[in-house]
Amino acid sequence: MAQDHLSASSPLAEHARLAAFAGEWNGEEMVFPSRWTAGGPATSRTVARMDLNGFYLIQDSVQMRDGKQAFATHGLFTYDRDDRTYKLFWYDSLGYTPPSPASGGWVGNTLTLVRGSLRGNARHVYEIIDDVSYSLKIQFSPDAEGWTDVLTGVYRRIH
């Protein structure tokens, strides 16, 4: 009898762990001067949900600076059961197409994901502070050794 390849398996506990970031969030951010933008404070609103049978966290964020939208992102997080790492497919309003997803894992309450491209390397560090807040640090490195902050933020769940 042929196996039904369309029958979905169930999400793993690793997938469910991403639900910590599901919900609506307001963020206070610091954008550091870089080749992409001038530095300064920003606010953001993030909406994230677990979807597609619980295998993915889908996240959309809009950053505001000086009363105007300055940056927007769309992220798709999952756990890859083949290589046993978390993946982040990241798209933003700068318009660069990532050659591959960021990849990484959890250490305690911190999820670290790294991706490389011809422009350099990006590292996203998400730390769960408590049930109603988390922090994010996005860093850049030309060589994946010396990291420079691009953005730091603390996000609070909207009740």
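These entries record what I looked up about aromatic rings in a predicted model.

**Entry 1: counting the pairs.** I began with the aromatic rings. A pair of aromatic rings is described by the distance of the centres and the angle of the planes. I counted nine aromatic pairs in the model.

**Entry 2: phenylalanine 21 and tryptophan 106.** I then looked up one of these pairs, formed by phenylalanine 21 and tryptophan 106. Their centres are 6.0 Å apart and the angle between the planes is 15°, and the pair is stacked. Phenylalanine 21 belongs to the loop between helix H1 (13-17) and strand E1 (23-31), whereas tryptophan 106 belongs to strand E6 (residues 102-107), so the pair ties together parts that are 85 residues apart in sequence. I checked accessibility next: phenylalanine 21 has 1% relative accessibility and therefore counts as buried. Tryptophan 106 has a relative accessible area of 14% and is buried because this value is under 20%.

**Entry 3: tyrosine 86 and tryptophan 106.** I followed tryptophan 106 to tyrosine 86. The ring centres of these two residues lie 6.3 Å apart with the planes at 80°, so I recorded the pair as edge-to-face. Tyrosine 86 is in strand E5 (residues 85-92) and tryptophan 106 in strand E6, so this pair ties together parts that are 20 residues apart in sequence. I noted that tyrosine 86 and tryptophan 106 are both buried.

**Entry 4: a charge over the ring.** I looked up arginine 17 and found that this residue lies over the face of tryptophan 106, 4.0 Å from the ring centre.

**Entry 5: the cluster.** Which residues form one aromatic cluster? I listed Phe21, Trp25, Phe77, Tyr79, Tyr86, Trp106, Tyr126, Tyr134 and Tyr155.

Terms used:
Residues are numbered from 1 along each chain as its sequence is written. This is a predicted model: local features need pLDDT of at least 70, side-chain atom pairs count only at pLDDT 80 or more; totals for chains, interfaces and linings use all residues. Side-chain values use heavy atoms; hydrogens and water are left out. Rings of Phe, Tyr and Trp (its six-membered ring) pair if their centres lie within 6.5 Å; planes under 30 degrees apart count as stacked, over 60 as edge-to-face and the rest as tilted. Helices (H or I, at least four residues) and strands (E, at least two) are DSSP runs, numbered from the N terminus. Buried means under 20% relative accessible area, exposed over 50%, partly exposed in between (1.4 Å probe, protein chains only). A charge sits over a ring if NZ of Lys or CZ of Arg is within 6 Å of the ring centre and within 35 degrees of the ring normal.
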